[in-house]
Amino acid sequence: MSDNFWGNVGHVPTQSMNWVAPREPSQDLDRQAFLNLLITQLRYQDPLNPMDDRDFIAQMAQFSALEQMMNLNATFERTQAFGMIGKLVDADFPCPVTGDRIEIEGGLVTSVKRSGQSVFLVVAGEGGRPVDVPFDAVTEVSEDFLLPQLVHEIFTNLNAQRGTDLIGTYVMGFARFGNDREFIEGRVDSVSMQDGMVVLVVGNRQIFFPHDVFSAHRPRPGENGVENGMRLIGSEHFRDASGNSLQVAGVDVETNSDGSHHVFLRWEDGTPRTRVNLINHVIDALTYVGHSVTFGSANNAEVRAITIRGGIPFLVAYNHGVAEPVEVDFLAYLAHRHNVENPGGEDDD
């Protein structure tokens, strides 16, 4: 095979082609041959001594059984092909474009496709180019046992690097104690590894990264040079349904029998707890206090507080010169911002 073969061929075969790898002539009676024989027999039978009905029914039953066997074989072939995804294959077959022999050694199967009645394995060829390999051209299948471990190590190292970057930042998240989880916030003092998982050390508590982290940011200088973080516990930016100020005393996390969790904000003045659907939405809403938003009846309105109804945070905003506040559904506002910033509907990278 020439050195520039892969550069000339590209994706084998091209998407405009429906092709089947040439096969050796078979002596087996296939479905089409059986049907041709039956039609020929009917066409040239003796009109004075026609085929017996029972013989005809028997042959049709044989044809139906053959049809079912062919369908079963095709289904089994596709099942085998899907089972090869993620495995390494060797194959040898002629290229439909140039006629040259294509040899695949240890090619990684990334997906499976079907063209007509033929099944193809999409294999990463030289230079990462996808190659459509006929299923029946596969000569050997093997598994790279190091591949899953390699992928795991890549993601572990990536998370470890990201976790290390958080040292000195201010985080909010859940610390685990068996089946229970406690909401904590504070500065990340160090990062450690436990059973292949990245752990952020906050005081005498540990937060698994990234699963149990809700927010992280660099502390900003405050009064007298003391660094201030955006705290949830102790925050006075919440109001109840009557507009009274509330101060967060803590966050309660209750584990249900099915393993799910309910999160509640606990208030300093003894007001009954308020359940929230997602604690990170509440934390994100806090960052809007002191800023202006335009959404619905809020027109460049200043956000001064947050209220929670039905587990969803609402921004309490004041339009310029108007004494009565307007409430902005925070999740609807986030969706609006996403649509404005991504008019094509594409997700952020």
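How many bridges join β2 to strand β3 (residues 118–124), and in which sense do the two run? Seven bridges join them, and the strands run antiparallel. Notes on this and other parts of the structure follow.

1. Basis. This is a predicted model, in which local features need pLDDT of at least 70 and side-chain atom pairs count only at pLDDT 80 or more, while totals for chains, interfaces and linings use all residues. Residues are numbered from 1 along each chain as its sequence is written, and side-chain values use heavy atoms, with hydrogens and water left out.

2. Helices (H or I, at least four residues) and strands (E, at least two) are DSSP runs numbered from the N terminus; two strands pair if DSSP finds at least two bridges between them. Strand β1 (residues 88–94) is joined to strand β2 (residues 101–115) by six bridges, in antiparallel sense, and Asp92 stands opposite Glu103 of β2. Their hairpin has six residues between the strands, with Gly99 in the turn at a positive phi of about 85 degrees. The hairpin of β2 and β3 has two residues between the strands, and Gly116 takes a positive phi near 65 degrees.

3. Strands β8 and β9. Strand β8 (residues 190–194) pairs with strand β9 (residues 197–202) over five bridges, antiparallel. Met193 is opposite Val198 in β9. Two residues lie between the strands of this hairpin, where Asp195 has a positive phi near 50 degrees.

4. The β16-β17-β18 sheet. This open sheet of three strands has the order β16-β17-β18 and antiparallel pairing. Its edge strands, β16 (248–255) and β18 (274–276), each pair on one side only. Neighbouring strands are turned by 30 degrees against each other on average, direction ignored; axes are lines fitted to C-alpha atoms, for helices over the stretch in contact, and angles run from 0 to 180 degrees between N-to-C directions. β16 and β17 (residues 261–267) pair over seven bridges, with His262 in β17 as the bridge partner of Glu254.

5. Helix α5. Helix α5 (residues 279–286) lies across β16, β17 and β18, at about 40 degrees to β17; contact means heavy atoms within 4.5 Å. Why is α5 described as largely enclosed by the rest of the structure? Six of its eight residues are buried, where buried means under 20% relative accessible area, exposed over 50% and partly exposed in between (1.4 Å probe, protein chains only). The buried residues are Ile279, His281, Val282, Ile283, Ala285 and Leu286.

6. Aromatic pairs. Rings of Phe, Tyr and Trp (its six-membered ring) pair if their centres lie within 6.5 Å, with planes under 30 degrees apart counted as stacked, over 60 as edge-to-face and the rest as tilted. The count is six aromatic pairs. Among them, Phe174 and Phe183 are edge-to-face, with centres 6.1 Å apart and planes at 80 degrees. Phe174 is buried at 2% relative accessibility, and Phe183 is buried at 4%. Tyr288 and Tyr333 are also edge-to-face, at 5.8 Å and 85 degrees. Tyr288 lies in the loop between α5 and β19 (292–295) and Tyr333 in helix α6 (residues 330–341), so this pair ties together parts 45 residues apart in sequence. Tyr288, Phe295, Phe330 and Tyr333 form one aromatic cluster.

7. Charges over rings. A charge sits over a ring if NZ of Lys or CZ of Arg is within 6 Å of the ring centre and within 35 degrees of the ring normal. The charged end of Arg273 sits over the ring of Phe264, 4.0 Å from its centre. Arg309 lies over the face of Phe314, 4.2 Å from the ring centre.
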